[in-house]
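Please open the model in your viewer and keep the selection tool ready. This tour goes from stop to stop, saying what to select and what is found there.

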Amino acid sequence: MEKVRRLFVSALLLMAYTFVAAQTMEVSGTVTDANGEAIIGAAVQEKATTNGTITDFDGNFQLNATKGAILVISYVGYVTQEVLAGQDLRIVLKED
């Protein structure tokens, strides 16, 4: 009976982990200015969390975020923008 109980608890933990893992997605994209120039070092953060990254030399970013999350993209001298998380995002920041 104890063996069955341990197996049941293990299965429940595995299902819970699978459920939590299924709630995240890989988000990627590029941040540019109005002229199409890459913005290097722009902050890309999942709203209301500490989860974030910065853009690379080509303006590209990649991070894991919660499905349906809002991303906040900011850079000094530009208007902060919020977008729905997704793949292959093309974000154009406007000068402030």
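**First stop: the sheet**

Begin by selecting Gly-29 together with Leu-89, its bridge partner in β7. Before going on, note that this is a predicted model, in which local features need pLDDT of at least 70 and side-chain atom pairs count only at pLDDT 80 or more, while totals for chains, interfaces and linings use all residues. Residues are numbered from 1 along each chain as its sequence is written, and side-chain values use heavy atoms, with hydrogens and water left out.

Now widen the selection to strand β1, residues 24–32, which runs parallel to β7 and is joined to β7 by four bridges. Strands here are DSSP runs of E with at least two residues, numbered from the N terminus, and two strands pair if DSSP finds at least two bridges between them.

**Second stop: a salt bridge**

Next, select Glu-82 and Lys-47, whose side chains meet in a salt bridge at 3.1 Å, N to O; the term requires a side-chain nitrogen of Lys or Arg within 4 Å of a carboxyl oxygen of Asp or Glu. Glu-82 belongs to strand β6 and Lys-47 to the loop between β2 and β3, so the pair ties together parts that are 35 residues apart in sequence. Glu-82 is partly exposed at 45% relative accessibility, and Lys-47 is partly exposed at 42%, where buried means under 20% relative accessible area, exposed over 50% and partly exposed in between, with a 1.4 Å probe and protein chains only.

In the loop between β2 (43–46) and β3 (52–54), select Ala-48. Its phi is near 65°, a positive value in a residue other than glycine, and Ala-48 is exposed, with a relative accessible area of 83%. Then move to Asp-88, in the loop between β6 (81–84) and β7, where phi is near 55°, again positive in a residue other than glycine; Asp-88 is exposed at 57%.
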